[in-house]
Amino acid sequence: MAQALMEIIRIPAIAPENLGEGELRKAEKLTHILEAIGFDEIKRFDAEDERVPSKKRPNIIAYYYGENKAEKLWIITHLDVVPPGEDSLWTITKPFEPTIKEEQIYGRGSEDNGQSMIASIFAIEALKNLSIRPKRTVALAFVADEEQGSKYGIQHLIKQGLFNKDDLIVVPDGGNENGSFIEIAEKSALWLRVRTIGRQAHASRPDKGLNAHRIGMEYALALDKMLHAKYSLKDEYFDPPESTFEPTKKDKNVDAVNIVPGEDITCFDCRVLPNYDIEEVLNDIHGLAEEFEKKTGAIIKIEVLQKSVAPKPTDANSKIVIMLKEAIKQVREVEPKIGGIGGGTCAAFFRKIGVPAVVWCTIDETAHQPNEYAKIENLANDAKIYAFLTIS
Ligand SMILES: [Zn+2]
């Protein structure tokens, strides 16, 4: 498993947005590994993309048939990796020259998402070697474009009509150190820049100006209070359990102490529980800004820097959640906990179409960082969980 993971890491699969060539070479390497294991069927679903040399963004599905062919257990991992970032920060090895140190495999894409990819493949190899047929067909999907929005990856596969409401979906692309955390929900994200425009003046004559800094602060505090009061619901699945509304970045205004600022900029990072409509939140933000404009004569502009709407959470009592909880208890002997975190994986696209999906794997969360690594014991132990799922 370690050798296979290292072979995969050696081939960069970077998106054209980051000036990469895409995933084709890596997909071809992976196909050789899959063919050697002997799946029942391997299919390609390429998405066309003019921006990469091959014009193709590859998606592979490897099937291992079960007793019941109609029902499927999907394990979905992504081929693409993020760029290595600052070279000098890679102190253990170069990003695409994997190495093993203290039972950890270092390299870009080792944890995200190579570990889960290899673990899912070798879980099937183990079943084959033991002549075990799974209860339902197992479909391993290896998708492109996860890091840049999944248009050429999982969204392309969903468009082909490959998924049913009864399918069981595992996306091993997030988790915690002991493998006890099952993610079933995510918060919506809303990032804002609040720009308050008044009138600059000498600080000895504030009556001649309109202090944008004071009005900006008053608005930010009022907004902070209003949002926390109105959107106060708690959901214990999440950590923290409530929506968060944080004033964060503060842009510089004037150069001297004796100037009344004519402009003031404060940014907000809001993470909103999926129970709330993000458009309603945004309306309230605009409403309060208008109130302040009338009251003060300043202009308050709200710019949305990022907005991602969380889909409805996966039902905590859905079959895949129950099966995975049982697998974790039996194989790991830890108490599984279900919850919600950041989000932004392939699972969100399944939740959007009402197919229950869980995010789970065992990782130290080194993804997207220099010196990214995967623990060899996690490779093996996560494979055991996948194998257990196929026969439960
Ligand atoms: Zn990932």
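**Notebook: loops, a zinc site and a helix pair**

I began with E103, which sits in the loop between strand 6 (99–101) and strand 7 (104–106). Helices (H or I, at least four residues) and strands (E, at least two) are DSSP runs, numbered from the N terminus. I note that this is a predicted model, where local features need pLDDT of at least 70, side-chain atom pairs count only at pLDDT 80 or more, and totals for chains, interfaces and linings use all residues. Residues are numbered from 1 along each chain as its sequence is written, and side-chain values use heavy atoms, with hydrogens and water left out.

**Backbone entries**

I looked up phi for E103 and found a value near 65°, positive in a residue other than glycine. Most residues other than glycine have a negative phi, and most peptide bonds are trans. Is E103 buried or exposed? E103 counts as exposed because its relative accessibility is 56%. The cut-offs are under 20% relative accessible area for buried and over 50% for exposed, with partly exposed in between (1.4 Å probe, protein chains only).

Next I checked D145, in the loop between strand 8 (136–143) and helix 4 (154–159). Phi of D145 is near 60°, again a positive value in a residue other than glycine. D145 is buried, with a relative accessible area of 2%.

I then turned to the peptide bond from D112 to N113. That bond is cis, with omega near 15°. N113 belongs to helix 3 (residues 110–129).

**Zinc entry**

Which atoms hold the zinc ion? I found H78 (NE2), D112 (OD), D173 (OD) and D173 (OD), at 1.9 to 2.5 Å. Donors are N, O and S atoms within 2.8 Å of the metal (3.2 Å for Na, K and Ca); water is not among the atoms, so sites may look incomplete. The four donor atoms subtend angles of 54 to 142° at the zinc ion, so the arrangement is irregular. I wrote down the donor spacing as H-x33-D-x60-D. H78 lies in strand 5 (residues 68–78) and D173 in the loop between strand 9 (168–171) and strand 10 (181–186), so the pair ties together parts 95 residues apart in sequence. H78 and D173 are buried.

**Helix entry**

Last, I looked at helix 5 (residues 212–230) and helix 6 (residues 278–296), whose axes come within 10 Å and cross at roughly 145°. Axes are lines fitted to C-alpha atoms, for helices over the stretch in contact, and angles run from 0 to 180 degrees between N-to-C directions.

Technical notes. Four donors count as tetrahedral if all angles lie between 85 and 135 degrees; four count as square planar and six as octahedral if opposite donors are over 155 degrees apart and all others between 65 and 115; anything else is irregular.
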